[in-house]
Amino acid sequence: MARTEAGRLMAHAPFVHLRVRSAYSLLEGAVRYEALVERCADPAWSMPAVAVTDHANLFGAMQFCAAAKDSGVQPIVGALMPLGRSDDTKTFNGGNGKPQPEELVTLLVQDEVGFRNLLALMSHAYLEAAPNLGRVEIAPEILAERSEGLVLLDGGAFGPLGAAIRRGDRPVAGELVELLLQAFGDRFYVELQRHGLAEEDACEMERVDLAFARGIPLVATNDVHFMDEDMHRAHDALICIAEGTQISVDDRRRLTPEHRFKSADEMTVLFAELPEAISNTIEIARRCAFATPERAPILPRYETEAGRDESDELRAQAREGLEERLAAHVLKPEMDKAERDAACAQYRDRLEFELDVIVQMQFPGYFLIVSDFIKWAKARDIPVGPGRGSGAGSVVAWSLKITDLDPIRFGLLFERFLNPERVSMPDFDIDFCQDRRDEVIRHVQTRFGADNVAAIITFGKLQARAVLRDVGRVMGLPFGLVDKICKLVPFNPAHPPTLDQALELEPRLQAWRQDDEAVGQMIEVALKLEGLPRHASTHAAGVVIGDRTLDELIPLYRDPRAMMPVTQFNMKDVEKAGLVKFDFLGLTTLTLLRMAEDLVKARGTPLALDKLELDDPAVYRLLSKADTAGVFQLESGGMRDALKKLKADCFEDIIAMVSLYRPGPMDNIPRYIAVKHGREQPAYLHPLLKPILEETNGVIIYQEQVMEIAKQL
């Protein structure tokens with residue numbers, strides 16, 4: 001640790017918390033990072049460091065470290081890991097074959113080696129142990145093999161050592177102590193907790209005696225689940241939500257108000273006769289000055305022909321692909337030589353400009369990898385979307401068959417996708433047939449290594465309506481009453497209002513809160529729990545591909561519904577960790593289009609959807625009648641009404657309508673239609689705007705138009 005950091009630890013509170021369960025201990029912890037580091041940095045508390053140790057996960061490690069560093073608090077990365085045997089499904093205590101409570105040890109990261117070992121242990125627990133044992137845990141032998149760079153606290157009264165002593169199983173306790181001492185040496189601590197629980201009293205004296213006899217240092221921790229005592233009631237409801245029970249049930253898990261974030265003074269008084277247990281928290285903090293690393297983007301190497309680097313390969317493939325595109329889509333038999341040369345020059349110049357930018361920004365590998373799996377899918381007749389989002393503005397992407405839209409024909413700008421002035425990873429939104437998407441992902445796993453590919457985790461949250469329902473249920477309130485209250489929260493799937501916003505927007509909700517005591521209590525508890533993560537699932541499209549085994553970079557997780565490992569970091573955090581996201585979105589529309597194409601072919605009519613022209617009058621007559629059920633983005637009631645008024649006669653009208661039909665821009669739909677049919681005249685605020693806005697009837701619709709206006713003016 002740097003001298004200044006060590007001095008800072010000496011100058012502040014004599015105790016730091018080494019066992020905090022954040023909100024990412026799903027439905028178990030309720031500590032939010034911002035509140036945690038703000039409390040530590042508060043001069044009244046003055047804690048120079050804090051550890052977050054979530055239950056068998058590192059979901060929020062990147063976010064915690066970022067929040068801590070922003071507040072000037074030293075983050076300590078760790079986790080609570082269940083310890084079990086490697087030879088059967090029983091926990092370390094041996095048991096009798098019945099399910100045993102988890103026995104957790106506290107692991108804290110000391111340095112980069114320790115971080116890599118924790119990643120490996122965490123990934124092993126989910127990917128190798130969990131499928132075999134039916135539960136997430138690590139065997140002591142595996143822990144011992146990966147002990148370097150980690151500090152181990154034995155877990156307190158409910159850890160494997162404390163549990164063995166409480167059972168009177170001294171041989172098992174002795175065996176475990178010997179194994180952990182040999183593996184961790186002076187990085188092994190006996191962890192003492194005093195929450196007023198009988199289990200703690202039952203084994204503390206013997207554990208302290210054992211520590212003194214074997215020269216094992218003591219350390220005091222508090223098993224923090226929430227920040228303040230006034231959160232205890234809400235946290236109790238959170239436990240009931242997790243366990244599907246009600247607050248009124250007597251025989252259920254409960255925590256005490258002591259499971260809060262206590263001050264250094266409180267902890268010092270609590271362990272007054274064991275001052276070394278307090279001072280050792282500072283000693284451990286000194287040893288664990290490590291934060292999760294942020295890395296520049298890491299891409300797997302794209303295998304090229306001998307003698308070519310990725311830049312040369314990209315240029316070669318793009319130039320060859322462009323000539324194929326020009327021959328198929330741009331050059332017409334009726335064009336004379338001058339027209340052909342001018343058209344080719346326009347596309348080739350744009351291609352070379354884009355290639356230079358891509359190579360300068362060091363992204364040729366990304367384009368080659370995306371092109372590789374899209375070409376693979378198309379070669380096997382797997383439907384792939386034509387491209388959407390800003391990536392459709394790239395001539396290189398069009399040439400590599402990543403997209404099927406001619407960006408020059410439709411006036412799309414490459415700068416929206418990649419811009420050296422605003423360095424960010426390129427991101428293609430790629431749609432595959434829902435039924436065959438998994439085939440493409442399996443190809444990627446084969447191509448780059450199954451251990452180098454993972455889906456991305458995502459988290460569902462307790463949002464306003466959901467948290468009210470959950471809290472109402474665990475409080476035992478009548479379903480009809482809870483349902484009535486929940487329906488007063490405005491429904492907006494795109495931007496769901498918070499409960500505070502709902503209370504401001506809906507007077508009846510505020511009235512219920514004030515007039516009905518039970519409803520008021522429900523709302524108060526819901527306000528405290530709102531926004532906490534509720535469950536983990538898998539991102540619909542995101543996949544990361546690394547240049548090495550992923551557990552060397554991030555912790556991995558297993559979602560039973562996913563066909564491959566899942567990252568423990570969310571989409572933003574995996575990118576900070578250096579991994580690059582690729583989108584593999586399964587689109588049912590593509591599946592239905594393929595079914596329709598096959599049905600038409602079966603009736604003897606040749607049909608290739610990707611060869612259809614965009615100027616068929618019959619199609620526009622159909623659209624003008626708003627007969628668009630099942631047509632992607634054109635089937636809502638409001639859109640169908642607009643289509644009847646529009647009476648589109650060109651593809652550009654459809655593009656404009658899809659772009660306009662969203663909150664804000666949709667106010668311009670009546671004007672666009674009125675100008676199209678001559679009922680109003682287009683208004684150009686300056687002559688330079690006419691060539692830019694003429695195709696959209698004088699209405700600014702596209703980002704490309706905004707950029708071009710800025711450029712011209």
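Helices (H or I, at least four residues) and strands (E, at least two) are DSSP runs numbered from the N terminus, and two strands pair if DSSP finds at least two bridges between them. This is a predicted model, in which local features need pLDDT of at least 70 and side-chain atom pairs count only at pLDDT 80 or more, whereas totals for chains, interfaces and linings use all residues. Residues are numbered from 1 along each chain as its sequence is written, and side-chain values use heavy atoms, without hydrogens and water.

| Strands | Sense | Bridges |
|---|---|---|
| β2 (residues 74–82) and β3 | antiparallel | five bridges |
| β3 and β4 (residues 150–153) | antiparallel | four bridges |
| β9 (residues 533–545) and β12 | antiparallel | four bridges |

Strand β3 (residues 104–109) is mostly covered, with six of its six residues buried, where buried means under 20% relative accessible area with a 1.4 Å probe, protein chains only. From β3, L104, T106 and L108 point one way and V105, L107 and V109 the other.

In strand β12 (residues 580–583), V580 and F582 point one way and K581 and D583 the other, and all are buried; V544 stands opposite K581. Leaving aside neighbours within four places in sequence, F373 is in contact (heavy atoms within 4.5 Å) with residues including F582, F584 and H443.

Methods:
Buried < 20%, exposed > 50% of the residue type's maximum accessible area, 1.4 Å probe, protein only.
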